[in-house]
Amino acid sequence: MADAHAPTRTAVVPAPARRPRRLAAWLAQERVFRLVPFVLVEGLFLLLLAIPFGLTVYISLLKWRASRPFEQAHFEGLGNYADVLADAEFWWALGRTFYFAAVAVSLELLIGFVLAMLVARTVRGTRVYTTVFLVPMMVVPVVVGYNFSMIYVDSGPLNQLLAPVAALLGVDPRIRWLSHPVAAQWAIILADVWQWTSLTFLIFLSGFAALPRPLVNAARVMGASPWQIFWRVQLPLLKPVIVIAVVIRSMEALKIFDQSVLLTFGGPGNSTQTVAFYLWRQVWQFNKFSFGAAASMLLLVIFAALIYAGIYLLVRQRSVALAEGRG
Amino acid sequence: MTVRRRLAPWGRHAALVAWAALVLFPIFWMISTSFKDAWEWVAWPPHWLPHEPTLHNYRQVFTFTELGRELSRSATDQVFNIWPALRDSVVICSLASLASLLLGTFLAYAVSRFGVGGKNFRYAILTIRMVPPIVIAIPILMYYAIMIPHTTTVLFGARLSLFDTSLGLGLLYTVTTLPFVIWMMLSFIDEVPYTLEHAARLMGAGRIYTIRRVVLPLVASGMVVTFLFIFILNWSEFLLALTLTHPNVTTLPVLLNKFQSAVEGRLYGPQAAIGTVITVPVVVLGILIQKHLVKGFSFGMIRR
């Protein structure tokens, strides 16, 4: 389309005569305008993502620890990949990550959905509630980790609130939550739920706001009970929003790292070691560079499958969500 | 039925207030701790409000020069000083966000108007955002710390490294936030009707003039929102900053983490002071743009 109009356009634009305008005129050409930002961004991606990933594939084939100079590394083939796949701790960390993400995301979806439903039905104070509920996602995750470590500490407010229960059971109320494997895992999950329920709440709230009222009213007039309206009318209409929330939160939750470092440092033992934390220790603490390179490439392959599944779901639901958002 | 009708709103409000209390409590606890003196940090039973409120923690964190003499003997003296980390965080986050905003906005314009990059470009760019940062950090570490120094030594005879520099971290932040900018700006630019631009062009305005006088004013507020959003993301970023900078460059989240890993005698008070200083401005910015947050976090999947 553009090419057909090009001659008339150049005729309409007054030809710049002065020299300094040359650059501006050159920049204003459509093909330059199309290409310059694209080339710049793609160039940046190439320079900062593609080349490093190529390098990593190469390093993953070497036998090399950072404690020795790079020149002494020798070629090893797929040995590192075999080492990673044979490492029980890698699989354990991967399993932990999926377990954390599954539990945390389900809780976030459930609580976020209920909150959004309650706020959508409330008349007064909607804005105050929304503002307060959105605060956690603006808090720096590291600060969240610090805050929760303060709450879980043995002389912290959590133990104070639980003191009557502890007294009833005859236990010392000053429980050290983060020293117990299961409690430490829940500590991380709860910190994540605290922070990211705000996002699911926000997504569901906009879903509820976009629900077409005539449909609900029609169902009510026809004598449907509130229960029926919810299950038969509202929930099916909210399905695209639910899918979007699930995909976006799951992809983010699988990256979990900050709270493992801040709250528990992977411990006690390795009970709260997520896959990101595991890799970080292998590379930055044990200097196992080529091992880490192989592990990160394997992780990339595993995640690529998830990402494509996620994006497929998003693209399919996006058109539905946008169409309803206009209604 | 009537009783249920009358009670239902109260039940709703009770549930909502309960969640609001849960949300605000950790923040309240941090702010309260930041005003507590050392003996109150881990008192049992804990003090909900400081019994003897003090500004000592803030003084310790901010007025490093005053206390410098006595503190410089302790091993943690570097840790106390918030100023270098504050400077690095502000400089890196604002410059990287700005670069990302400019690049991303122009690309979003080209994608929206000319379909640059093909139909699936938007989704292709989304994949970058979904890759876990640790998978990016390892290649970047090897690239910054090994390949670039090697290459520059061979080519120019000078050893350059991007590891542990503001530039290196800033470049990475620019790349990792670009998908957000492109998605958010696409949603804003798509809303500007093309007929407006077309009319301006027909009346003889040049392309750059059209963009400056017609498109930019209409998306300016969107650009501000996008900038603030990615600024908050960069400000909170922890993994890349922790792994790619060590002694020289420190961002605020990394600084806070240094306290956390100190095993002997945790310094809860100064930590709370730093946490408050990091959090409050960002939460204020976030409340300003909260209506648009869903656009950023859901990649424009949901309108609001």
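Among contacts in chain A between residues at least 6 apart in sequence, what percentage join residues at least 24 apart? The figure is 70%. Two residues are in contact if their C-beta atoms, placed from the backbone, lie within 7 Å.

Before you start, some ground rules. This is a predicted model, where local features need pLDDT of at least 70, side-chain atom pairs count only at pLDDT 80 or more, and totals for chains, interfaces and linings use all residues. Residues are numbered from 1 along each chain as its sequence is written, while chains are lettered from A and ligands numbered from 1 in the order in which they are written.

**Stop 1: chain A**

Select chain A. Its secondary structure comes to 14 helices and 2 strands. These are DSSP runs numbered from the N terminus: helices are H or I with at least four residues, strands E with at least two. The radius of gyration of chain A is 27 Å, well over the 20 Å that the globule rule gives for 327 residues, so chain A is more spread out than a compact globule. (The radius is taken over C-alpha atoms; the rule is 2.2 Å times the number of residues to the power 0.38.) Along the principal axes, the C-alpha atoms of chain A fill a box of roughly 90 × 80 × 35 Å.

**Stop 2: where the chains touch**

Now show both chains. On chain B, 76 residues are in contact with 89 residues of chain A. Helix H1 (residues 2-34) of chain B gives the largest share of chain B's side, 11 residues. By class, that side has 56 nonpolar, 15 polar and 5 charged residues. Ala, Val, Leu, Ile, Met, Phe, Trp, Tyr, Cys and Pro count as nonpolar, Asp, Glu, Lys and Arg as charged, and the others, Gly among them, as polar.

**Stop 3: a crossing between chains**

Select helix H3 (residues 30-60) of chain A and helix H8 (residues 133-156) of chain B. Their axes come within 8 Å and cross at roughly 90°. That makes H3(A) roughly perpendicular to H8(B). (Axes are lines fitted to C-alpha atoms, for helices over the stretch in contact, and angles run from 0 to 180 degrees between N-to-C directions; under 35 degrees is roughly parallel, over 145 roughly antiparallel, 65 to 115 roughly perpendicular and the rest oblique.) Show side chains, including Phe53(A) in H3(A) and Tyr143(B) in H8(B). The contact residues divide into 11 nonpolar, 1 polar and no charged.

**Stop 4: a crossing within chain B**

Last, pick helix H7 (residues 121-130) and helix H9 (residues 166-190) of chain B. Their axes come within 9 Å and cross at roughly 140°. H7(B) and H9(B) are therefore oblique to each other. Among the residues that meet here are Arg122(B) and Arg129(B) in H7(B), and Trp183(B) in H9(B). This contact has 8 nonpolar, no polar and 2 charged residues.
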